[in-house]
Amino acid sequence: MNLTTFVGRRYLVARRRQAFISLITVISVLGVAVGVMALIIALAISTGFTTRIRDKIQLLNAHLNILCGPEEISPERYRAIREALAKDPRVKASAPLVLGTGLASGPVTRVQTVAKVVGVDSRSQLDVVDLKPYVEGQVALGQSPDGAHGAVLGADLAAALGADLGDTVQLLAPKLTLSPFGSVPKLLNLRVTGLLRSGYYLYDTEFIYLDLPLAQNLFGRPGHLSAVQVRLKDAGDIDACRADLQEALGPDFRVLDLVGSNAEFFKALRMERVLLFLAIGLIVMVAALNIVSTLILMVMEKVRDIGILRSMGASSRDIQKIFLFQGMVIGGVGTALGAALGVTACTVLERTRAIPLSLDVYPLPYVPFLTSPGQVAWVCAFALAISFLATLYPSLRAAKLDPVEALRYE
(Lines give C-alpha, C1' and ligand atoms only; values in the text may rest on other atoms or scores of the structure.)
Protein backbone atom coordinates (compact mmCIF):
# COMPACT_ATOMS: atom_id res chain seq x y z
CA MET A 1 0.00 0.00 0.00
CA ASN A 2 1.55 3.35 -1.06
CA LEU A 3 1.67 6.51 1.01
CA THR A 4 -1.26 8.33 -0.59
CA THR A 5 -3.66 5.38 -0.21
CA PHE A 6 -2.58 4.68 3.39
CA VAL A 7 -2.90 8.29 4.57
CA GLY A 8 -6.08 8.92 2.61
CA ARG A 9 -7.75 5.87 4.14
CA ARG A 10 -6.70 6.94 7.64
CA TYR A 11 -8.14 10.40 7.07
CA LEU A 12 -11.49 8.93 6.04
CA VAL A 13 -11.73 7.10 9.39
CA ALA A 14 -12.33 10.07 11.67
CA ARG A 15 -11.26 10.26 15.26
CA ARG A 16 -13.39 11.73 18.00
CA ARG A 17 -12.16 15.27 17.49
CA GLN A 18 -13.01 14.94 13.77
CA ALA A 19 -16.57 13.73 14.28
CA PHE A 20 -18.03 16.80 12.57
CA ILE A 21 -15.94 16.21 9.45
CA SER A 22 -16.98 12.55 9.52
CA LEU A 23 -20.65 13.59 9.61
CA ILE A 24 -20.15 15.89 6.61
CA THR A 25 -18.40 13.04 4.79
CA VAL A 26 -21.41 10.78 5.37
CA ILE A 27 -23.73 13.54 4.16
CA SER A 28 -21.59 13.94 1.03
CA VAL A 29 -21.80 10.21 0.31
CA LEU A 30 -25.59 10.26 0.79
CA GLY A 31 -25.89 13.35 -1.41
CA VAL A 32 -24.11 11.63 -4.27
CA ALA A 33 -26.17 8.45 -3.70
CA VAL A 34 -29.48 10.35 -3.77
CA GLY A 35 -28.46 12.20 -6.92
CA VAL A 36 -27.43 9.04 -8.75
CA MET A 37 -30.56 7.22 -7.58
CA ALA A 38 -32.83 10.07 -8.72
CA LEU A 39 -31.08 10.26 -12.09
CA ILE A 40 -31.41 6.50 -12.72
CA ILE A 41 -35.11 6.50 -11.76
CA ALA A 42 -35.87 9.59 -13.88
CA LEU A 43 -34.15 8.13 -16.94
CA ALA A 44 -35.87 4.78 -16.31
CA ILE A 45 -39.26 6.53 -16.44
CA SER A 46 -38.34 8.36 -19.65
CA THR A 47 -36.95 5.17 -21.23
CA GLY A 48 -39.98 3.21 -20.06
CA PHE A 49 -42.47 5.59 -21.63
CA THR A 50 -40.48 5.79 -24.88
CA THR A 51 -40.05 2.02 -25.15
CA ARG A 52 -43.60 1.05 -24.18
CA ILE A 53 -45.21 3.64 -26.43
CA ARG A 54 -42.92 2.68 -29.32
CA ASP A 55 -43.84 -0.98 -28.82
CA LYS A 56 -47.53 -0.09 -28.82
CA ILE A 57 -47.10 2.01 -31.95
CA GLN A 58 -45.33 -0.92 -33.62
CA LEU A 59 -48.24 -3.19 -32.76
CA LEU A 60 -50.82 -0.76 -34.16
CA ASN A 61 -48.81 0.45 -37.15
CA ALA A 62 -46.94 -1.14 -40.01
CA HIS A 63 -43.16 -1.13 -39.98
CA LEU A 64 -43.03 0.80 -43.25
CA ASN A 65 -45.46 3.03 -45.17
CA ILE A 66 -45.03 3.65 -48.89
CA LEU A 67 -46.56 6.84 -50.28
CA CYS A 68 -46.48 8.61 -53.62
CA GLY A 69 -45.93 12.16 -52.43
CA PRO A 70 -49.10 14.26 -52.45
CA GLU A 71 -50.65 12.11 -55.17
CA GLU A 72 -52.65 8.93 -54.87
CA ILE A 73 -51.08 5.61 -55.73
CA SER A 74 -52.48 4.50 -59.08
CA PRO A 75 -53.08 0.82 -59.93
CA GLU A 76 -49.96 0.83 -62.11
CA ARG A 77 -47.79 2.19 -59.32
CA TYR A 78 -49.34 -0.23 -56.87
CA ARG A 79 -48.23 -3.11 -59.11
CA ALA A 80 -44.70 -1.68 -59.14
CA ILE A 81 -44.73 -1.51 -55.34
CA ARG A 82 -45.91 -5.11 -55.03
CA GLU A 83 -43.19 -6.29 -57.41
CA ALA A 84 -40.51 -4.52 -55.35
CA LEU A 85 -41.90 -5.98 -52.13
CA ALA A 86 -42.04 -9.49 -53.60
CA LYS A 87 -38.32 -9.32 -54.38
CA ASP A 88 -37.35 -8.42 -50.81
CA PRO A 89 -37.09 -11.50 -48.56
CA ARG A 90 -37.37 -9.35 -45.42
CA VAL A 91 -40.98 -8.39 -46.19
CA LYS A 92 -43.59 -10.48 -44.40
CA ALA A 93 -46.83 -8.91 -45.71
CA SER A 94 -48.28 -5.74 -47.21
CA ALA A 95 -51.72 -4.13 -47.29
CA PRO A 96 -53.28 -1.22 -49.23
CA LEU A 97 -54.65 1.76 -47.37
CA VAL A 98 -56.99 4.68 -48.05
CA LEU A 99 -57.11 7.63 -45.67
CA GLY A 100 -59.72 10.34 -45.37
CA THR A 101 -61.53 12.67 -42.99
CA GLY A 102 -65.25 12.92 -42.39
CA LEU A 103 -67.89 14.10 -39.93
CA ALA A 104 -69.53 11.39 -37.82
CA SER A 105 -72.80 11.66 -35.90
CA GLY A 106 -74.42 9.16 -33.57
CA PRO A 107 -77.92 7.71 -33.16
CA VAL A 108 -78.79 9.87 -30.15
CA THR A 109 -77.09 13.18 -30.75
CA ARG A 110 -76.65 14.84 -34.11
CA VAL A 111 -73.59 16.77 -33.00
CA GLN A 112 -70.97 15.93 -35.60
CA THR A 113 -67.44 14.87 -34.67
CA VAL A 114 -64.39 14.94 -36.93
CA ALA A 115 -63.17 11.39 -37.56
CA LYS A 116 -60.17 9.96 -39.37
CA VAL A 117 -61.40 7.29 -41.75
CA VAL A 118 -59.13 4.37 -42.65
CA GLY A 119 -60.08 2.10 -45.54
CA VAL A 120 -58.49 -1.35 -45.26
CA ASP A 121 -58.69 -4.74 -46.91
CA SER A 122 -59.78 -7.05 -44.08
CA ARG A 123 -57.79 -10.09 -45.21
CA SER A 124 -54.40 -8.50 -45.94
CA GLN A 125 -54.69 -5.92 -43.14
CA LEU A 126 -54.71 -8.57 -40.41
CA ASP A 127 -51.33 -9.83 -41.66
CA VAL A 128 -49.82 -6.36 -41.37
CA VAL A 129 -51.62 -4.87 -38.35
CA ASP A 130 -53.75 -7.34 -36.41
CA LEU A 131 -56.47 -5.32 -34.68
CA LYS A 132 -58.47 -8.35 -33.47
CA PRO A 133 -56.91 -8.46 -29.96
CA TYR A 134 -58.03 -4.85 -29.42
CA VAL A 135 -61.51 -5.05 -30.95
CA GLU A 136 -64.64 -5.73 -28.94
CA GLY A 137 -67.06 -7.36 -31.35
CA GLN A 138 -66.07 -8.32 -34.88
CA VAL A 139 -63.91 -6.84 -37.62
CA ALA A 140 -66.76 -7.09 -40.16
CA LEU A 141 -66.51 -4.30 -42.72
CA GLY A 142 -68.82 -5.62 -45.45
CA GLN A 143 -72.31 -4.42 -46.36
CA SER A 144 -75.29 -5.87 -44.47
CA PRO A 145 -78.61 -6.82 -46.14
CA ASP A 146 -80.26 -3.59 -44.98
CA GLY A 147 -77.67 -1.54 -46.86
CA ALA A 148 -75.61 -0.40 -43.88
CA HIS A 149 -71.87 -0.81 -44.14
CA GLY A 150 -69.91 -2.40 -41.30
CA ALA A 151 -67.37 -0.25 -39.46
CA VAL A 152 -65.00 -0.50 -36.51
CA LEU A 153 -64.97 2.66 -34.38
CA GLY A 154 -62.56 3.76 -31.71
CA ALA A 155 -64.21 3.04 -28.36
CA ASP A 156 -63.90 6.63 -27.13
CA LEU A 157 -65.23 7.99 -30.42
CA ALA A 158 -68.23 5.67 -30.21
CA ALA A 159 -68.87 6.78 -26.63
CA ALA A 160 -68.73 10.43 -27.70
CA LEU A 161 -71.30 9.67 -30.43
CA GLY A 162 -73.53 7.73 -28.02
CA ALA A 163 -73.13 4.57 -30.12
CA ASP A 164 -72.58 0.96 -29.12
CA LEU A 165 -72.23 -2.36 -30.91
CA GLY A 166 -75.03 -2.82 -33.44
CA ASP A 167 -75.97 0.86 -33.56
CA THR A 168 -75.95 2.90 -36.74
CA VAL A 169 -73.90 6.05 -37.09
CA GLN A 170 -73.76 8.44 -40.01
CA LEU A 171 -70.62 9.58 -41.80
CA LEU A 172 -70.63 12.75 -43.88
CA ALA A 173 -67.92 12.41 -46.53
CA PRO A 174 -66.47 15.43 -48.35
CA LYS A 175 -66.94 13.86 -51.79
CA LEU A 176 -69.83 15.63 -53.58
CA THR A 177 -72.65 13.79 -55.34
CA LEU A 178 -75.14 15.22 -57.81
CA SER A 179 -78.77 15.57 -56.74
CA PRO A 180 -81.85 17.53 -57.86
CA PHE A 181 -80.75 20.16 -55.36
CA GLY A 182 -77.22 20.40 -56.71
CA SER A 183 -73.93 18.96 -55.43
CA VAL A 184 -74.16 17.76 -51.83
CA PRO A 185 -71.75 15.84 -49.59
CA LYS A 186 -72.30 12.10 -49.45
CA LEU A 187 -74.03 10.76 -46.31
CA LEU A 188 -73.35 7.16 -45.38
CA ASN A 189 -74.95 4.88 -42.79
CA LEU A 190 -72.44 2.73 -40.85
CA ARG A 191 -73.27 -0.24 -38.64
CA VAL A 192 -70.93 -0.46 -35.63
CA THR A 193 -69.60 -4.03 -35.74
CA GLY A 194 -66.57 -3.51 -33.49
CA LEU A 195 -65.11 -1.13 -30.91
CA LEU A 196 -61.36 -0.53 -30.91
CA ARG A 197 -59.82 -0.35 -27.42
CA SER A 198 -56.12 -0.08 -28.14
CA GLY A 199 -55.16 2.07 -25.16
CA TYR A 200 -53.63 4.51 -27.65
CA TYR A 201 -55.46 7.84 -27.42
CA LEU A 202 -55.32 8.80 -31.11
CA TYR A 203 -56.82 5.53 -32.32
CA ASP A 204 -59.54 5.22 -29.70
CA THR A 205 -60.82 8.78 -30.06
CA GLU A 206 -60.63 9.48 -33.81
CA PHE A 207 -60.43 6.39 -36.01
CA ILE A 208 -63.14 4.69 -38.09
CA TYR A 209 -62.18 1.60 -40.11
CA LEU A 210 -64.12 0.93 -43.33
CA ASP A 211 -63.91 -1.56 -46.16
CA LEU A 212 -61.30 -0.54 -48.75
CA PRO A 213 -63.58 -0.21 -51.85
CA LEU A 214 -66.06 1.89 -49.88
CA ALA A 215 -63.30 4.24 -48.68
CA GLN A 216 -61.99 4.53 -52.24
CA ASN A 217 -65.41 5.66 -53.45
CA LEU A 218 -65.72 8.16 -50.60
CA PHE A 219 -62.26 9.74 -50.65
CA GLY A 220 -60.66 8.97 -53.98
CA ARG A 221 -61.04 6.99 -57.13
CA PRO A 222 -61.67 3.25 -57.48
CA GLY A 223 -58.38 1.36 -57.51
CA HIS A 224 -56.38 4.29 -56.15
CA LEU A 225 -54.68 4.19 -52.73
CA SER A 226 -53.29 6.62 -50.18
CA ALA A 227 -50.46 4.35 -48.98
CA VAL A 228 -49.22 0.78 -48.78
CA GLN A 229 -48.39 -0.65 -45.37
CA VAL A 230 -45.54 -3.14 -44.98
CA ARG A 231 -44.82 -5.59 -42.15
CA LEU A 232 -41.30 -7.02 -41.93
CA LYS A 233 -40.27 -10.39 -40.55
CA ASP A 234 -37.77 -8.71 -38.21
CA ALA A 235 -38.26 -5.19 -36.85
CA GLY A 236 -34.49 -4.83 -36.67
CA ASP A 237 -34.36 -4.64 -40.49
CA ILE A 238 -36.49 -1.48 -40.70
CA ASP A 239 -33.69 0.97 -41.54
CA ALA A 240 -31.95 -1.27 -44.08
CA CYS A 241 -35.18 -2.35 -45.76
CA ARG A 242 -36.46 1.22 -45.96
CA ALA A 243 -33.27 2.37 -47.69
CA ASP A 244 -33.32 -0.56 -50.15
CA LEU A 245 -36.99 -0.09 -51.02
CA GLN A 246 -36.50 3.64 -51.50
CA GLU A 247 -33.67 2.95 -53.92
CA ALA A 248 -35.66 0.27 -55.77
CA LEU A 249 -38.83 2.39 -56.13
CA GLY A 250 -37.13 5.64 -57.04
CA PRO A 251 -37.76 9.29 -56.18
CA ASP A 252 -41.45 9.19 -57.14
CA PHE A 253 -42.17 7.25 -53.94
CA ARG A 254 -41.57 7.94 -50.27
CA VAL A 255 -40.80 5.08 -47.90
CA LEU A 256 -41.36 6.06 -44.26
CA ASP A 257 -40.60 4.01 -41.18
CA LEU A 258 -42.20 4.27 -37.76
CA VAL A 259 -39.81 6.99 -36.62
CA GLY A 260 -40.31 8.96 -39.82
CA SER A 261 -44.08 8.65 -39.61
CA ASN A 262 -44.05 9.81 -35.98
CA ALA A 263 -40.96 12.00 -36.14
CA GLU A 264 -42.28 14.90 -34.06
CA PHE A 265 -43.54 12.58 -31.33
CA PHE A 266 -40.22 10.77 -30.93
CA LYS A 267 -38.32 14.05 -31.16
CA ALA A 268 -40.37 15.37 -28.23
CA LEU A 269 -39.57 12.24 -26.21
CA ARG A 270 -35.84 12.60 -26.89
CA MET A 271 -35.90 16.26 -25.92
CA GLU A 272 -37.79 15.38 -22.74
CA ARG A 273 -35.10 12.85 -21.81
CA VAL A 274 -32.29 15.36 -22.35
CA LEU A 275 -34.02 18.02 -20.26
CA LEU A 276 -34.76 15.47 -17.55
CA PHE A 277 -31.11 14.40 -17.46
CA LEU A 278 -29.97 18.01 -17.13
CA ALA A 279 -32.51 18.84 -14.42
CA ILE A 280 -31.90 15.77 -12.26
CA GLY A 281 -28.15 15.97 -12.97
CA LEU A 282 -28.12 19.20 -10.96
CA ILE A 283 -28.71 17.08 -7.85
CA VAL A 284 -25.41 15.29 -8.50
CA MET A 285 -23.69 18.66 -8.95
CA VAL A 286 -25.10 19.88 -5.63
CA ALA A 287 -23.78 16.71 -4.02
CA ALA A 288 -20.39 17.45 -5.58
CA LEU A 289 -20.36 20.79 -3.76
CA ASN A 290 -20.66 18.82 -0.52
CA ILE A 291 -17.51 16.95 -1.52
CA VAL A 292 -15.75 20.27 -2.08
CA SER A 293 -16.76 21.58 1.35
CA THR A 294 -15.81 18.29 3.04
CA LEU A 295 -12.34 18.26 1.51
CA ILE A 296 -11.74 21.95 2.25
CA LEU A 297 -12.60 21.34 5.91
CA MET A 298 -10.34 18.30 5.83
CA VAL A 299 -7.47 20.39 4.43
CA MET A 300 -7.97 23.03 7.13
CA GLU A 301 -8.01 20.29 9.79
CA LYS A 302 -4.90 18.57 8.43
CA VAL A 303 -2.64 21.62 7.92
CA ARG A 304 -0.21 20.33 10.60
CA ASP A 305 -0.19 16.83 9.13
CA ILE A 306 0.42 18.19 5.65
CA GLY A 307 3.38 20.24 6.95
CA ILE A 308 4.86 17.17 8.65
CA LEU A 309 4.45 15.02 5.53
CA ARG A 310 6.08 17.68 3.36
CA SER A 311 8.99 18.06 5.79
CA MET A 312 9.48 14.27 5.72
CA GLY A 313 9.90 14.31 1.95
CA ALA A 314 6.37 13.96 0.56
CA SER A 315 5.98 15.91 -2.66
CA SER A 316 3.15 18.32 -3.41
CA ARG A 317 1.88 15.73 -5.91
CA ASP A 318 1.68 13.13 -3.11
CA ILE A 319 -0.36 15.55 -0.98
CA GLN A 320 -2.68 16.21 -3.94
CA LYS A 321 -3.16 12.47 -4.50
CA ILE A 322 -4.15 11.98 -0.84
CA PHE A 323 -7.11 14.32 -1.14
CA LEU A 324 -7.95 13.16 -4.65
CA PHE A 325 -8.16 9.65 -3.22
CA GLN A 326 -10.49 10.83 -0.46
CA GLY A 327 -12.78 12.68 -2.86
CA MET A 328 -12.96 9.76 -5.28
CA VAL A 329 -13.73 7.33 -2.44
CA ILE A 330 -16.61 9.55 -1.35
CA GLY A 331 -17.84 9.86 -4.95
CA GLY A 332 -17.32 6.15 -5.69
CA VAL A 333 -19.13 4.90 -2.58
CA GLY A 334 -21.99 7.34 -3.14
CA THR A 335 -22.25 6.38 -6.83
CA ALA A 336 -22.25 2.63 -6.09
CA LEU A 337 -24.84 3.04 -3.33
CA GLY A 338 -27.05 5.26 -5.49
CA ALA A 339 -26.81 2.89 -8.47
CA ALA A 340 -27.77 -0.10 -6.32
CA LEU A 341 -30.72 1.73 -4.78
CA GLY A 342 -31.84 3.15 -8.12
CA VAL A 343 -31.78 -0.18 -9.97
CA THR A 344 -33.52 -1.92 -7.06
CA ALA A 345 -36.22 0.75 -6.89
CA CYS A 346 -36.82 0.57 -10.67
CA THR A 347 -37.08 -3.22 -10.55
CA VAL A 348 -39.56 -3.21 -7.67
CA LEU A 349 -41.68 -0.39 -9.11
CA GLU A 350 -41.82 -2.05 -12.54
CA ARG A 351 -42.78 -5.48 -11.20
CA THR A 352 -45.40 -4.20 -8.79
CA ARG A 353 -46.74 -1.55 -11.22
CA ALA A 354 -46.87 0.73 -8.21
CA ILE A 355 -48.00 3.90 -10.00
CA PRO A 356 -51.21 3.37 -12.05
CA LEU A 357 -52.29 5.72 -14.82
CA SER A 358 -55.69 6.56 -16.24
CA LEU A 359 -56.18 5.16 -19.73
CA ASP A 360 -58.46 8.10 -20.45
CA VAL A 361 -55.37 10.32 -20.47
CA TYR A 362 -52.32 8.10 -20.94
CA PRO A 363 -51.65 5.34 -23.48
CA LEU A 364 -50.27 3.08 -20.72
CA PRO A 365 -51.99 1.60 -17.64
CA TYR A 366 -49.05 2.29 -15.29
CA VAL A 367 -45.77 4.20 -15.11
CA PRO A 368 -43.05 1.99 -16.60
CA PHE A 369 -39.54 1.88 -15.10
CA LEU A 370 -37.09 0.46 -17.64
CA THR A 371 -33.35 0.73 -17.25
CA SER A 372 -30.35 -0.94 -18.84
CA PRO A 373 -26.71 -1.65 -17.90
CA GLY A 374 -25.53 0.90 -20.46
CA GLN A 375 -27.77 3.61 -19.04
CA VAL A 376 -26.65 2.89 -15.47
CA ALA A 377 -23.02 2.94 -16.63
CA TRP A 378 -23.49 6.38 -18.21
CA VAL A 379 -25.04 7.75 -15.02
CA CYS A 380 -22.22 6.30 -12.88
CA ALA A 381 -19.59 7.71 -15.24
CA PHE A 382 -21.26 11.13 -15.07
CA ALA A 383 -21.36 11.05 -11.25
CA LEU A 384 -17.72 9.93 -10.98
CA ALA A 385 -16.61 12.65 -13.41
CA ILE A 386 -18.41 15.32 -11.39
CA SER A 387 -16.92 13.92 -8.18
CA PHE A 388 -13.42 14.02 -9.67
CA LEU A 389 -13.84 17.63 -10.77
CA ALA A 390 -15.06 18.49 -7.28
CA THR A 391 -11.82 17.19 -5.74
CA LEU A 392 -9.48 19.22 -7.92
CA TYR A 393 -9.66 22.56 -6.09
CA PRO A 394 -9.30 21.21 -2.51
CA SER A 395 -6.47 18.88 -3.52
CA LEU A 396 -4.60 21.66 -5.35
CA ARG A 397 -5.04 23.91 -2.35
CA ALA A 398 -3.58 21.23 -0.08
CA ALA A 399 -0.68 20.64 -2.46
CA LYS A 400 0.22 24.35 -2.48
CA LEU A 401 0.52 24.62 1.33
CA ASP A 402 3.99 25.78 2.41
CA PRO A 403 5.37 23.31 5.03
CA VAL A 404 7.19 26.14 6.84
CA GLU A 405 3.97 28.14 7.20
CA ALA A 406 2.07 25.01 8.18
CA LEU A 407 4.44 24.23 11.07
CA ARG A 408 5.29 27.79 12.15
CA TYR A 409 2.85 27.85 15.08
CA GLU A 410 3.05 24.17 16.01
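**Close-up 1. Strand β1 and its two partners.** In this predicted model, three bridges tie β1 to strand β9 (residues 227–232), and the two run antiparallel. Look for Asn 65, which stands opposite Gln 229 in β9. Strand β1 itself covers residues 64–67, and four bridges join β1 to strand β10 (residues 254–257), again antiparallel. Here the pair to find is Leu 67, standing opposite Arg 254 in β10.

**Close-up 2. A charge over a ring.** Zoom in on Phe 253 and you'll see the charged end of Arg 77 sitting over its ring. The distance from that charged end to the ring centre is 5.8 Å.

Close-up 3. Searching the whole structure turns up two aromatic pairs. In one of them, Tyr 203 and Phe 207 have ring centres 4.6 Å apart and planes at 45 degrees, so this pair counts as tilted. Both Tyr 203 and Phe 207 are buried. Ring pairs also bring in Tyr 209, linking Tyr 203, Phe 207 and Tyr 209 into a cluster.

**Close-up 4. The largest nonpolar core.** There are 54 residues in this core, and Val 36, Ile 40, Leu 131, Leu 196, Tyr 203 and Tyr 209 have the most contacts inside it. Elements giving two or more residues to the core include α2 (19–60), β2 (91–105), β8 (207–211) and α12 (316–352). The top contributor is α2, with 13 residues. In general, nonpolar side chains in soluble globular proteins tend to be buried together.

**Close-up 5. Around Tyr 209.** What does Tyr 209 touch, leaving aside its neighbours within four places in sequence? Its contacts are Val 118, Val 120, Leu 131, Leu 141, Gly 150, Ala 151, Val 152, Leu 196 and Tyr 203. There is also a second, separate core, this one of 44 residues, with Ile 81, Val 98, Ala 163 and Phe 219 among them.

**Close-up 6. Helix α7, mostly covered.** This helix spans residues 212–219, and six of its eight residues are buried. The buried ones are Leu 212, Leu 214, Ala 215, Gln 216, Leu 218 and Phe 219. Phe 219 is also one of the residues in the second core.

**Close-up 7. Helix α12 and what follows.** With 37 residues, α12 reaches 54 Å from its first C-alpha to its last, close to the 54 Å expected at 1.5 Å a residue. Just after α12 comes Arg 353, which takes a positive phi of about 50 degrees.

Notes:
Residues are numbered from 1 along each chain as its sequence is written. This is a predicted model: local features need pLDDT of at least 70, side-chain atom pairs count only at pLDDT 80 or more; totals for chains, interfaces and linings use all residues. Side-chain values use heavy atoms; hydrogens and water are left out. Rings of Phe, Tyr and Trp (its six-membered ring) pair if their centres lie within 6.5 Å; planes under 30 degrees apart count as stacked, over 60 as edge-to-face and the rest as tilted. Buried means under 20% relative accessible area, exposed over 50%, partly exposed in between (1.4 Å probe, protein chains only). A charge sits over a ring if NZ of Lys or CZ of Arg is within 6 Å of the ring centre and within 35 degrees of the ring normal. A nonpolar core is a set of buried Ala, Val, Leu, Ile, Met, Phe, Trp, Tyr and Cys residues joined through side-chain atoms within 4.5 Å. Contact means heavy atoms within 4.5 Å. The expected span of a helix is 1.5 Å times one less than its number of residues. Two strands pair if DSSP finds at least two bridges between them.
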